Amino acid sequence: MRIAVDAMGGDHAPTVNVDAAVAAAREFGIPTLLVGREDMLARLLSESGYRGSDIEIVDAAEVITMDDPATAAIRKKRNSSIRVAANCVRDGRAGGLVSAGHTGAGMVCAKMVIGTIEGVDRPALAAILPNLRGHCLLLDVGANPDAKTSHFKEFAVMGSIYAQLAFGKKSPSIGLMSIGEEDSKGTDKTKEVFKTLKDTGLNFIGNVEGRDVFNGTVDVIVTDGFTGNVILKVSEALAEMVEKLLREEIKSTLQASVGFLLSRSAFRRFKQRLDYSEYGGAPLLGVRGCVIICHGRSSAKAVKNAIRFASEFSKQRLAETIQEKIADLHSREDRLVKA
């Protein structure tokens with residue numbers, strides 16, 4: 001199954017998206033649908049030198065800009081690249097969607113065109129962050145700034161399933177972001193969510209704090225989209241600052257430069273662990289199909305890896321597995337009410 005790429009989405013579109021599709025075809029053998037202005041895409045594809053059959057162009061004359069409202073792809077620009085790409089997933093022509101364009105428009109199309117999984121009220125954006133023991137999954141990171149208690153339950157279930165696939169763990173530990181580990185700490189909402197998550201049957205370990213994002217004590221952290229987005233943006237800025245400061249210190253003295261030459265491979269591995277492009281983007285969990293939302297400033301490498309993740313999770317039937325687990329959660333709740 002091909003992966004639909006919103007070729008006109010992103011700060012450096014469409015060039016990086018075409019380059020990403022070519023790289024995905026050459027390195028991974030993943031077929032894609034490049035959705036956008038056919039004349040532009042055909043020219044760029046020709047200039048890339050790619051002559052294979054794994055890349056197909058789907059014409060979409062309109063583009064959603066950052067000045068457009070999130071609903072533009074539904075109400076006004078129905079022939080936009082993100083809308084047509086979503087149509088491809090809905091119609092079974094593509095097994096997943098990758099977009100570095102207007103995040104709001106991408107989420108609206110995912111929910112309104114592709115549709116949500118039965119039993120899921122609010123899809124959530126999940127981000128993988130590096131930590132001292134490997135990785136941590138954080139959700140939501142922007143789709144739901146004002147999440148309800150019931151939404152946190154859905155986030156926990158979807159995050160647990162995604163972590164199983166992404167990290168290879170049978171029972172990922174789940175924490176609730178708060179301002180203290182004790183169940184008495186936090187807002188009225190987090191206290192209510194704490195009690196609710198204890199009854200989900202998941203490996204819920206209780207409240208966690210900001211430091212736990214990076215110390216590796218938990219696999220999955222659930223929070224509202226406002227808090228999650230702040231954590232994500234601060235984390236990315238911190239990683240960029242650390243890398244920049246290291247480079248400045250290395251260049252400042254001859255001794256440091258010699259030391260860098262001796263430890264270049266270690267520095268390369270360090271940079272790779274902090275590089276968001278290694279993960280491609282954030283999956284929008286809870287929709288009927290795999291949707292990966294990338295940074296607007298994504299490089300071809302980031303989009304290429306997003307295509308790879310979309311292909312992997314499509315093959316592993318991520319959406320179907322989430323639907324089964326959500327159904328199990330609701331069934332469990334019904335039994336508890338009757339009891």
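Me: At what angle do helix H1 and helix H2 pack, and how far apart are their axes?

Reply: First, a caution: this is a predicted model. Now the general idea. Two packed helices are described by the angle between their axes and the distance between the axes. Here, H1 (residues 15-28) and H2 (residues 38-48) pack at an angle of about 50 degrees, and their axes are 10 Å apart. That angle makes H1 oblique to H2. The crossing of the two is right-handed.

Me: Which residues of H1 and H2 make the contact?

Reply: From H1 come Thr15, Val18, Val22 and Arg26. From H2 come Leu41, Leu44, Leu45 and Ser48. Sorted by class, this contact of H1 with H2 holds five nonpolar, two polar and one charged residues.

Me: How do the axes of H1 and helix H12 cross?

Reply: Read this pair by angle and distance again. The axes of H1 and H12 (residues 300-315) come within 8 Å and cross at roughly 50 degrees. H1 is therefore oblique to H12. H1 passes H12 in a right-handed crossing.

Me: Which residues of H1 and H12 meet?

Reply: On the H1 side are Val16, Asn17, Asp19, Ala20, Ala21, Ala23, Ala24, Glu27 and Phe28. On the H12 side are Ala300, Val303, Lys304, Asn305, Ile307 and Arg308. The contact of H1 with H12 divides into nine nonpolar, two polar and four charged residues.

Me: Is helix H4 mostly covered or mostly uncovered?

Reply: To read cover, count buried residues; buried means under 20% relative accessible area. H4 (residues 81-90) is mostly covered, with nine of its ten residues buried. Among them are Ile82, Arg83, Asn87 and Val89.

Me: What covers the buried residues of H4?

Reply: The cover includes strands S1 (2-6), S2 (32-36), S3 (55-59) and S4 (94-99). It also includes helices H3 (72-75) and H5 (103-114).

Me: Which residues touch the most other members of the largest nonpolar core?

Reply: That core has 59 residues, and Val98, Leu139, Val222 and Ile307 touch the most other members. Helix H6 (residues 149-167) gives the largest share of this core, eight residues. Apart from it lies another core, of 40 residues, among them Ile64, Val89, Ala105 and Met107.

Me: What does Val222 touch?

Reply: Leave out residues up to four places away in sequence. Then Val222 touches Leu139, Phe152, Phe155, Ala156, Ile174, Gly175, Leu176, Met177 and Leu197.

Me: Is Val218 buried or exposed?

Reply: Apply the cut-off: under 20% counts as buried. Val218 has a relative accessible area of 1%, so Val218 is buried. Val218 lies in the loop between helix H8 (212-215) and strand S9 (220-222).

Me: What does Val218 touch?

Reply: Not counting residues up to four places away in sequence, Val218 touches Asn131, Cys136, Ser173, Ile174, Gly175, Ile205, Val208 and Asp212. Val218 and Leu176 are 42 residues apart in sequence, and 9.8 Å apart in space, C-alpha to C-alpha.

Me: What should I look for in the backbone?

Reply: Most residues other than glycine have a negative phi, and most peptide bonds are trans. Now look here. The bond from Ala13 to Pro14 is cis, with omega near 0 degrees. Pro14 lies in the loop between S1 and H1. The bond from Leu139 to Asp140 is cis too, with omega near 5 degrees. Asp140 sits in the loop between strand S6 (134-139) and H6.

Me: Which residue with a positive phi follows H4?

Reply: Gly92 follows H4, and its phi is near 80 degrees.

Technical notes
Residues numbered from 1 in each chain as written. Predicted model: local features only at pLDDT ≥ 70, side-chain atom pairs only at ≥ 80, totals over all residues. Heavy atoms only, no water. Axes fitted to C-alpha atoms, helices over the stretch in contact; angles between N-to-C directions. Helix = DSSP H or I, 4+ residues; strand = E, 2+ residues; numbered from the N terminus. Parallel < 35°, antiparallel > 145°, perpendicular 65-115°, else oblique. Left-handed = near helix turned anticlockwise from the far one by under 90°. Contact = heavy atoms within 4.5 Å. Nonpolar A, V, L, I, M, F, W, Y, C, P; charged D, E, K, R; others polar. Buried < 20%, exposed > 50% of the residue type's maximum accessible area, 1.4 Å probe, protein only. Core = buried A, V, L, I, M, F, W, Y, C linked by side-chain atoms within 4.5 Å.
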